[in-house]
Amino acid sequence: MMQVGPSAFMALAAVLFSLGLYGAVARKSAVMVLMSLELMAVAVSLNMVALSRFVTPTEMTGQVFTIFTMVVSAAEIGLGLALVLAIYRQTRSIELTRMDTLKG
Amino acid sequence: MAETVNGIAFAILAGAAILGAVGMLTTRNVIHAAFWLLESMIAVGGLYLLLQAEYLAVVHVLVYAGAVSVLMLFVIMLTLRRREDSVRPVEVSVAGAVMAFVFGGVVFAAIAAYGDRVAEMPETAPDTAALGELLFTRWALPFEVASLVLLIALVAAVWWSREDKR
């Protein structure tokens, strides 16, 4: 049977984070960018849970931090989507390329 | 003999998570992207189970697969004027790809160099009761601050998304 160490989990988290990073830069829809941000947050959480399990299993610091990360990213996604709705009401569009009011 | 993570289960769940992420990035339909993200999140919940973080696994599926995905779908559907608007042109960003590749490469190099200092899984894994006790003793203050953050975010989200009364 394969031995799955923490580096396998870290590699997976790196792949997920890179994909999220690409999505956050490449996509032009505000909702898609928020989805990519969620993916990045989840990759970081996965890292914390895995390392907590392998390195300090009894203190569970990684798990507690993951709970707080989850709280922050839930707040972020709620506020982000509310902002998207507010912008949609104003401009009838959620394209990031059209949010250029402050462009000089 | 230390415990190990089941390699086959890890491979399946990791493949599902990456498949969901890739599907989210390559599909042209925004609604399909939300469902791909949902699939990826459920796979990550399974990975938490493999790591014996049962509470986190359940909460993860509840929050990300349940609440966040439904919220995403609601906002997507509220901001579409026509059904055809959900299909978007293909968006490719060379700069984004380069950035992601460089970042991923650096992290992979770091993992290859330093990753396997700890390869064995310690045998003792505390259960959910221990996590709860820790959360309400040692982490009680951050826990309360987190609930305040959620409350403020809730009020602000309602405030921002309400109808303009001008």
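Predicted model: local features only at pLDDT ≥ 70, side-chain atom pairs only at ≥ 80, totals over all residues.
Sorted by class, the residues joining H1(B) to H2(B) are 14 nonpolar, four polar and one charged. The two helices span residues 7–26 and 30–50 of chain B, and their axes lie 8 Å apart at an angle of about 155°. That angle, being over 145 degrees, makes H1(B) roughly antiparallel to H2(B). The crossing of H1(B) past H2(B) is left-handed.

Stepping back to the whole of chain B, the fold contains six helices and zero strands, which read along the sequence as α-α-α-α-α-α. With a radius of gyration of 20 Å, well over the 15 Å that the globule rule gives for 166 residues, chain B is more spread out than a compact globule. Its C-alpha atoms fill a box of roughly 65 × 40 × 25 Å along the principal axes. Of the 166 residues in chain B, 22% are buried. Among the contacts in chain B that link residues at least 6 apart in sequence, 58% join residues at least 24 apart.

Attention now turns to the partner chain. The contact between the chains draws on 60 residues from chain A and 72 residues from chain B. On the chain A side, helices H1 (6–26), H2 (30–54) and H3 (61–91) each supply at least two residues, and H3(A) gives the most, with 20 residues. The side of chain A that touches chain B comprises 45 nonpolar, 10 polar and five charged residues.

H3(A) packs against helix H6(B), residues 140–161, at an angle of about 10° and with the axes 8 Å apart. An angle under 35 degrees counts as roughly parallel, and H3(A) and H6(B) are therefore roughly parallel to each other. From H3(A), this contact takes A:Phe68, A:Val71, A:Val72, A:Ala75, A:Gly78, A:Leu79, A:Ala82, A:Leu83, A:Leu85 and A:Ala86, while H6(B) brings B:Pro142, B:Ala146, B:Val149, B:Leu150, B:Ala153, B:Leu154, B:Ala156, B:Ala157, B:Trp160 and B:Ser161. By class, the contact of H3(A) with H6(B) has 18 nonpolar, two polar and no charged residues.

A:Gly78 sits in helix H3 of chain A and is buried, because 21 other C-beta atoms lie within 10 Å. Neighbours within four places in sequence aside, A:Gly78 is in contact with B:Ala153, B:Leu154 and B:Ala157.

Within chain A, H3(A) also pairs with H2(A): their axes come within 9 Å and cross at roughly 175°. H2(A) and H3(A) are therefore roughly antiparallel to each other. Residues of H2(A) in this contact include A:Ala30, A:Leu34, A:Glu38, A:Val44 and A:Met48, and those of H3(A) include A:Phe65, A:Thr66, A:Met70, A:Ile77 and A:Leu81. By class, the contact of H2(A) with H3(A) divides into 13 nonpolar, nine polar and one charged residues.

Technical notes: Residues numbered from 1 in each chain as written. Chains lettered and ligands numbered in written order. Axes fitted to C-alpha atoms, helices over the stretch in contact; angles between N-to-C directions. Helix = DSSP H or I, 4+ residues; strand = E, 2+ residues; numbered from the N terminus. Parallel < 35°, antiparallel > 145°, perpendicular 65-115°, else oblique. Left-handed = near helix turned anticlockwise from the far one by under 90°. Nonpolar A, V, L, I, M, F, W, Y, C, P; charged D, E, K, R; others polar. Rg over C-alpha atoms; globule rule 2.2 N^0.38 Å. Buried ≥ 20, exposed ≤ 12 C-beta atoms within 10 Å, placed from the backbone. Contact = placed C-beta atoms within 7 Å.
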